Amino acid sequence: MFSAIVTTLLALLVSDDDADALRSTAPTYLTVDTAREHLVAARLAAVATGTDADLLLSIAWHESRYQHDAVSQEAGGRVSCGIMTPTPVARCPRGQTILGGYMAGAQHLRSWYDATGHQRAALLGFAGGYRAIRRCAQGPMYIRPGVDGCKTPEVFQHRARWVRNARKRSTAPAS
């Protein structure tokens, strides 16, 4: 409850232009108001963990399409939960919040940065653990026909650039 109140209050600090810019990158999944909430949560998580807010937003879109209560089936009967679906668990906790999801995802990403020392490996680790890092060192890893899981870091980075550029355009002075 407290995190929802804090997120709501801090959302007042996000400009309409900034929120609309994020919304424009995923209009099917975000309104201006929900985009504002996601921006606040991602920024708080990024500051707390030393990660990039735009990259967190990118991962959230990729993993859950910005759904804070997303559940993804994983190997071994486990599930990944929340906005960034970070670590597979036996079952999802109740009452997941947007801020809690970004914090869990950002902490998970930070642990991969700390373990690997660079962004590409950290993003591979986030997406598939050490198994993905080892497998991708050997060549492509097709997760379904035509989709190379080893390209996941580039997918995350591409969308992060898209989000960042959309927000920059929204604050650029009109000519």
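**Pockets and a helix pair in the predicted model**

In this predicted model, the lining of the largest pocket draws at least two residues from each of α4 (53-64), α6 (119-138), β3 (142-144), β4 (147-148) and α7 (152-171). Among these elements, α6 gives the largest share, eight residues. Sorted by class, the lining of the largest pocket holds 12 nonpolar, 11 polar and seven charged residues.

The second largest pocket has a volume of about 150 Å³. Its lining is made up of C81, G82, P86, T87, V89, P93, Q96, T97, G100, G101 and A104. Helix α5 (residues 98-116) provides the largest share of this lining, three residues. Five residues of the lining are nonpolar and six are polar, with no charged residue present.

Helices α5 and α6 also pack against each other. A pair of packed helices is described by two quantities, the angle between the axes and the distance between them. For α5 and α6, the axes come within 8 Å and cross at roughly 90 degrees. Angles of 65 to 115 degrees count as roughly perpendicular, and the two helices are therefore roughly perpendicular to each other. On the α5 side, the contact involves G105, H108, L109, W112, Y113, A115 and T116. These residues meet Q119, A121, A122, L123, G125, F126, G129, Y130 and I133 of α6. The contact of α5 with α6 consists of 10 nonpolar and six polar residues, and no charged ones.

Terms used: Residues numbered from 1 in each chain as written. Predicted model: local features only at pLDDT ≥ 70, side-chain atom pairs only at ≥ 80, totals over all residues. Heavy atoms only, no water. Helix = DSSP H or I, 4+ residues; strand = E, 2+ residues; numbered from the N terminus. Nonpolar A, V, L, I, M, F, W, Y, C, P; charged D, E, K, R; others polar. 1 Å grid on protein atoms, 1.4 Å probe; cavity = no way out; pocket = protein on both sides within 12 Å on 5 of 7 lines; lining within 4 Å. Points joined across faces, edges and corners; volume = space filled by probe spheres on them. Axes fitted to C-alpha atoms, helices over the stretch in contact; angles between N-to-C directions. Parallel < 35°, antiparallel > 145°, perpendicular 65-115°, else oblique. Contact = heavy atoms within 4.5 Å.
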